Amino acid sequence: MDSPAIEVVNLGKQYVISALHDGRQSISNALIDMVWFPVRMGRDLAHGRNPFRPSEDDLIWALRDVSFEVARGEVMGIVGHNGAGKSTLLKILTRITNPTAGYARIRGRVGSLLEVGTGFHPELTGRENVYLSGAILGMRRTEIDRRFGEIVAFSGVERFIDTPVKRYSSGMYLRLAFAVAAHLEPDVLLVDEVLAVGDAEFQQKCLGKLGTASQEGRTVLFVSHNMNAIKVLCTTALWLDGGRIRMAGAAEDVVDSYLGAVLQKAAQQSAFPAINTQYGLGIESCQAQFLPGLEDDTVDLKIDLVVTATQEWPRVGINFSLTTEGGIKAVSIGSKLSGYIFDMQPGLNHFSLECSAINRVLAEGSYVVGLRLSSPGIERIVDVGEAALIDIPGYDFFGTGRYPQARHHGPALLPLVIRQKEHVSS
Amino acid sequence: MSQANLSLPDKRSSENVILIEPTRGWIPINLWELWQYRELLTFFIWRDLKVRYKQTALGVVWVILQPVMTMVVMSVVFGKMAKIPTDGIPYPIFAYSALVPWLYFAGGLSRAAGSMISSAHLIQKVYFPRLIVPIASVAGGVIDFLLSFGVLIVMMLYYEMYPNLSMIWTLIPLLLLATLLSLGVGLWLSVFNVYYRDVRYIVPFLTQFWLYVTPVVYPARLVGDSWKFLYNLNPMVGVVNGFRWVLLDRGDPPGASIWISVVVTLVVLITGAMYFRRVEKTFADVI
């Protein structure tokens with residue numbers, strides 16, 4: 001009978017909202033606060049509140065009553081929306097921040113990977129950074145000495161190992177940083193959204209290394225928005241929602257339920273109107289529909305978009321993306337790329353987004369439409385990740401009577417041709 | 001099953017179990033953990049030095065130039081113009097022998113004060129005993145100290161001043177005293193700095209003020225007797241006087257007042273470390 005590698009019991013973390021806002025206050029503000037304190041205290045006492053405790057509406061539970069266990073050698077994924085408490089949970093388990101309630105027990109050496117390149121210093125060379133970052137991540141000097149060759153070989157930057165990393169390309173930098181982290185040999189590995197950076201090849205390498213770690217019998221806790229990665233790598237998963245556990249169980253089931261909820265929420269279109277009051281610009285509504293296409297079995301996607309503005313807004317970019325239900329980004333078309341930049345007039349501005357024969361380029365499946373408004377210098381005026389849900393119908397792309405599905409065959413319909421050229425008999 | 005666990009000791013019972021739970025109030029200073037992380041401490045010191053001296057030639061020159069230039073300015077203003085009495089010691093070496101420990105102290109203090117902020121990124125991403133950060137930033141000053149001490153030796157040879165060789169060992173406890181005081185004040189300031197960013201504007205003012213209540217530009221005997229007790233509460237008075245007494249072989253040996261320095265230093269250091277420990281768990285949330 002083995003005790004679990006990670007044991008979490010009723011864990012909770014409470015933040016004071018005002019502290020989140022003005023954590024960096026100045027001494028003069030603090031003095032003003034002090035002068036006003038008797039007044040506030042009198043008011044609090046009159047209302048029957050304890051003036052020395054922040055009021056209840058000023059407190060927020062980022063994590064509440066979370067209990068679970070991770071067995072030795074188990075790989076557990078954590079899914080949930082932004083702000084669901086995933087990062088807070090990892091920060092508590094890595095001892096970066098302190099819980100407010102409950103406790104957690106971790107058995108064995110803990111390695112954490114909350115970002116790639118923790119502790120890297122741009123002025124130092126690759127070699128120096130391997131040592132520094134290794135030490136920060138918890139490796140002993142002798143251990144780094146022993147594995148140095150391996151780390152450098154894995155990173156593939158041998159030639160530049162004595163060059164300051166500020167001269168590295170971002171790809172080289174990431175590879176070296178990840179190589180150090182990948183050679184940590186903890187019993188328990190806590191990983192946050194590391195895969196969000198880097199190109200596809202890099203992400204593949206990261207995933208591969210995580211897979212190896214689990215084969216070597218390490219316990220892994222893995223936060224990701226990449227649902228496929230969670231399904232492939234994890235045996236169990238945890239779904240956090242509003243700081244609480246919404247579901248725990250087999251990774252496959254949890255991911256499916258989570259995605260189901262995401263899609264359902266998208267279908268309700270509760271996202272609208274999404275107005276940025278600061279800029280006085282936003283999306284009033286967004287309606288997606290399919291129209292029969294010109295050719296047989298094809299459909300056209302048509303989205304009616306209404307942008308509302310309180311004043312004249314020049315050069316507003318409309319950025320469009322499609323994500324599969326598996327969390328794979330099928331397309332992301334920015335306004336810089338497409339040139340779809342418009343001047344907005346005060347009031348309602350109507351747009352129509354059209355894409356003909358969409359089921360000839362994208363495979364059958366559910367997709368989430370993402371819409372973002374930008375303007376020069378402002379990346380995100382409004383960013384609606386789940387603006388609409390569309391179900392692209394199937395299309396007999398290869399003429400085999402089988403319909404490619406996004407879930408199994410990938411979102412892109414590639415006009416692949418395989419031709420037999422010659423035959424040489426042996 | 002739990003009984004089986006009790007009767008058969010777990011093979012891994014020796015492995016470390018980390019318990020994470022809410023902490024309230026005062027937390028003891030975990031010296032054992034600091035010791036376990038000593039390698040990281042040396043890596044931090046090494047990183048700071050490496051980065052500081054990266055543009056090599058100029059980097060080291062600056063370390064030597066800074067106290068020397070300060071000494072030159074002081075010699076002109078206080079030695080030549082104000083004609084401050086120095087018991088017949090040439091003013092440049094009178095000032096410089098005090099500047100060496102003083103700049104070590106003041107530099108360590110201001111680096112420690114800003115250390116938590118400049119390590120904010122690390123603090124939010126990885127765990128290690130937070131005390132390492134200010135400790136490393138103070139300890140890194142030793143190299144600067146040795147370099148400027150080298151200049152001091154050259155000056156002593158030039159002015160034909162010879163140290164009290166039988167007492168030269170006292171420089172080590174004096175340096176330690178300056179180190180601990182620098183760390184103690186640095187700890188307090190580094191915590192304040194996390195919560196109030198204007199501390200960084202206060203630090204230069206504080207060190208400036210402290211310089212004038214320390215006998216760096218003038219001899220300690222100029223201070224009136226009625227002020228002596230208050231004056232001696234400043235541990236740097238003992239440190240600077242001790243340095244002059246050993247190196248220039250002038251003045252009085254550190255007497256009972258050095259114990260006041262020791263007590264004040266320990267009080268500042270221990271309260272600073274305790275306060276630091278008390279609030280360190282919230283750094284990542286606030287910084």
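Domain bounds here come from an automatic or database domain assignment, and on that basis chain A is divided into domain 1 (63-264) and domain 2 (274-409). This is a predicted model, in which local features need pLDDT of at least 70 and side-chain atom pairs count only at pLDDT 80 or more, whereas totals for chains, interfaces and linings use all residues. Residues are numbered from 1 along each chain as its sequence is written, and chains are lettered from A in the order in which they are written.

The C-alpha centres of domain 1 of chain A and domain 2 of chain A are 32 Å apart. Seven residues of domain 1 of chain A are in contact with seven residues of domain 2 of chain A, contact being counted if the C-beta atoms of two residues, placed from the backbone, lie within 7 Å. On the side of domain 1 of chain A that touches domain 2 of chain A, H9(A) gives the most, with three residues.

The helices named in this report are DSSP runs (H or I, at least four residues), numbered from the N terminus.

| Helix of chain A | Residues |
|---|---|
| H4 | 126-136 |
| H5 | 141-155 |
| H6 | 170-182 |
| H8 | 227-233 |
| H9 | 251-268 |

Helix H5 of chain A has a kink of about 55° centred on Arg147(A), where the bend at a residue is the angle between axes fitted to the seven residues ending there and the seven starting there. Ile144(A), Ile151(A), Val152(A) and Ser155(A) of H5(A) are buried, that is, 20 or more other C-beta atoms, placed from the backbone, lie within 10 Å of their own. The buried residues of H5(A) pack against helices H4 and H6 of chain A, and H5(A) is followed by Gly156(A), whose phi is positive, near 75°.

Notes. Helices (H or I, at least four residues) and strands (E, at least two) are DSSP runs, numbered from the N terminus. A residue is buried if 20 or more other C-beta atoms lie within 10 Å of its own, exposed if 12 or fewer, and partly exposed in between; C-beta atoms are placed from the backbone.
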